[in-house]
Amino acid sequence: MIPLSSITDNHISLTCLCTYWNLLPVRDLIEVYGPDITVDQVENAARCTKCGAKGVIRTQIIYVGNSALAMRSAHTPWKNEDE
């Protein structure tokens, strides 16, 4: 169980059974539900805005920020196209 307070600079992507997905900023979720809520609790409480169903089939934590910083830990060669 991942507390949202540990991933404040990220977004959470939730995909419904109807294949509709939504991207939610973690900071907004913390403002509404408090810092103690977990990703699992968000999944269980989520309701699709398109079909109204409960039932998340996929959850992704999406890093939002400097891509050069993210690539350092990705173990993927990175080329700067300007060089």
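**Exercise 1. Element order**

Task: State in which order the elements of the protein chain run from the N terminus on.

Solution. The model is a predicted one. Step 1: count the elements; the secondary structure of the protein chain comes to 3 helices and 3 strands. Step 2: read them from the N terminus, which gives β-β-α-α-β-α. Strand E1 spans 10–16, strand E2 spans 21–25 and helix H2 spans 39–45. Helix H1 covers residues 26–33, and strand E3 covers residues 56–63.

**Exercise 2. Strand pairing**

Task: Work out which strands are joined to E1 by bridges, and in which direction they run.

Solution. Step 1: take E3. E1 and E3 run antiparallel and are joined by 7 bridges. A pair to locate in the structure is Cys-16, which stands opposite Val-56 in E3. Step 2: take E2. E1 and E2 are also antiparallel, with 5 bridges between them. Here Ile-12 has Leu-24 of E2 as its bridge partner. Step 3: look at the connection. E1 and E2 make a hairpin with 4 residues between them, and Thr-19 in the turn has a positive phi of about 75 degrees. Step 4: check the cover on E1. Of its 7 residues, 6 are buried.

**Exercise 3. A residue in E1**

Task: Decide whether Thr-15 is buried or exposed, and list what Thr-15 is in contact with beyond its neighbours within four places in sequence.

Solution. Step 1: locate Thr-15, which is found in strand E1. Step 2: compare with the cut-off. Buried means under 20% relative accessible area; Thr-15 has 7% relative accessibility and therefore counts as buried. Step 3: list the contacts. With neighbours within four places left aside, Thr-15 is in contact with Tyr-20, Trp-21, Gly-55, Val-56, Ile-57 and Arg-58.

**Exercise 4. Two buried residues, Leu-4 and Val-39**

Task: For Leu-4 and Val-39, give the element or segment, the relative accessible area and the contacts.

Solution. Step 1: Leu-4 is found in the segment before E1 and is buried, with a relative accessible area of 0%. Beyond neighbours within four places, Leu-4 is in contact with Ile-12, Val-26, Leu-29, Ile-30, Ile-37, Thr-38, Val-39 and Val-42. The C-alpha atoms of Leu-4 and Pro-35 are separated by 6.3 Å, although the residues are 31 apart along the chain. Step 2: Val-39 is found in helix H2 and is buried at a relative accessible area of 8%. Residues up to four places away aside, Val-39 touches Ile-2, Leu-4, Ile-7, Ile-12, Thr-59 and Ile-61. The C-alpha atoms of Val-39 and Met-1, 38 residues apart along the chain, are separated by 6.6 Å.

**Exercise 5. Salt bridge and surface patch**

Task: Name the residues of the salt bridge and those of the nonpolar patch on the surface.

Solution. Step 1: the count comes to 1 salt bridge. Asp-9 forms a salt bridge with Arg-27, with the closest N and O atoms 2.3 Å apart. Asp-9 lies in the segment before E1 and Arg-27 in helix H1, so the pair ties together parts 18 residues apart in sequence. Asp-9 is partly exposed at 43% relative accessible area, and Arg-27 is partly exposed at 48%. Step 2: Trp-21, Leu-23, Ile-62 and Val-64 form the patch, with about 350 Å² of accessible area together. Trp-21 counts as exposed, at 51% relative accessibility.

Note on methods. Residues are numbered from 1 along each chain as its sequence is written. This is a predicted model: local features need pLDDT of at least 70, side-chain atom pairs count only at pLDDT 80 or more; totals for chains, interfaces and linings use all residues. Side-chain values use heavy atoms; hydrogens and water are left out. Buried means under 20% relative accessible area, exposed over 50%, partly exposed in between (1.4 Å probe, protein chains only). Contact means heavy atoms within 4.5 Å. Two strands pair if DSSP finds at least two bridges between them. Patches are made of residues with over 30% relative accessible area and no salt bridge: like charges are joined within 9 Å, nonpolar side chains (Val, Leu, Ile, Met, Phe, Trp, Tyr) within 5 Å. Accessible areas come from the Shrake-Rupley method with a 1.4 Å probe; for residues, only the protein chains shown count as cover. A salt bridge is a side-chain nitrogen of Lys or Arg within 4 Å of a carboxyl oxygen of Asp or Glu.
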